[in-house]
Amino acid sequence: MKWAWRDSAVRSGLISTTVAPAESALALDSTLVEAHVFLAKLRLETDDHAGAARGVQRALALDPGSREALAVRAALAWLRGQPAILDQ
């Protein structure tokens, strides 16, 4: 299902302009869990599931208890039809 605000944000470049600062932050400090999660959320919004999964994996490698990263992982699993991961 497409959401009008998301499609509008993608078209306007809003999402793409927020990627660069987060990537710059990670270039300075690759241990910023919040930046990894933020980028994973953005990638999820643009249907880049592989990119979102990589971001979540990095975030969880740094902080296995990150609730935000776990929530994004659960959303990604649900979107991919992988409910088994939700039981972990």
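How do the axes of helix H2 (residues 14-28) and H3 cross, and within what distance do they come? In this predicted model, the two axes come within 9 Å and cross at roughly 155 degrees. An angle over 145 degrees counts as roughly antiparallel, so H2 is roughly antiparallel to H3. The crossing of H2 and H3 is left-handed. From H2, the contact is made by Ile15, Thr18, Val19, Ala22, Glu23 and Leu26. From H3, Ala35, His36, Phe38, Leu39, Leu42, Arg43 and Glu45 take part. By class, this contact has eight nonpolar, two polar and three charged residues.

Helix H3 covers residues 33-45. H3 has 13 residues. From its first C-alpha to its last, H3 reaches 18 Å, close to the 18 Å expected at 1.5 Å a residue. Its buried residues are Val33, Ala35, His36, Val37, Leu39, Ala40, Leu42 and Leu44.

H3 also packs against helix H4 (49-62). Their axes lie 8 Å apart, at an angle of about 160 degrees. H3 is therefore roughly antiparallel to H4. The crossing of H3 and H4 is left-handed. On the H3 side, the residues are Val33, His36, Val37, Ala40, Arg43 and Leu44. They meet His49, Gly51, Ala52, Gly55, Val56, Arg58, Ala59 and Leu62 in H4. The residues of this contact divide into eight nonpolar, four polar and two charged.

His36 takes part in the contact of H3 with H2 and in that of H3 with H4. Is His36 buried or exposed? Its relative accessible area is 8%, which is under the 20% limit, so His36 counts as buried. Neighbours within four places in sequence aside, His36 is in contact with Leu26, Ser30, Gly55, Arg58, Ala59 and Leu62. Among these, Leu26 belongs to the H2 side of the H2 and H3 contact. Gly55, Arg58, Ala59 and Leu62 are in H4.

The loop between H3 and H4 contains Asp47. Most residues other than glycine have a negative phi. His36, by contrast, is buried.

Terms used. Residues are numbered from 1 along each chain as its sequence is written. This is a predicted model: local features need pLDDT of at least 70, side-chain atom pairs count only at pLDDT 80 or more; totals for chains, interfaces and linings use all residues. Side-chain values use heavy atoms; hydrogens and water are left out. Helices (H or I, at least four residues) and strands (E, at least two) are DSSP runs, numbered from the N terminus. Buried means under 20% relative accessible area, exposed over 50%, partly exposed in between (1.4 Å probe, protein chains only). Contact means heavy atoms within 4.5 Å. Axes are lines fitted to C-alpha atoms, for helices over the stretch in contact, and angles run from 0 to 180 degrees between N-to-C directions. Angles under 35 degrees count as roughly parallel, over 145 as roughly antiparallel, 65 to 115 as roughly perpendicular and the rest as oblique. A crossing is left-handed if the near helix is turned anticlockwise from the far one by less than a right angle, and right-handed if clockwise. Ala, Val, Leu, Ile, Met, Phe, Trp, Tyr, Cys and Pro count as nonpolar, Asp, Glu, Lys and Arg as charged, and the others, Gly among them, as polar. The expected span of a helix is 1.5 Å times one less than its number of residues.
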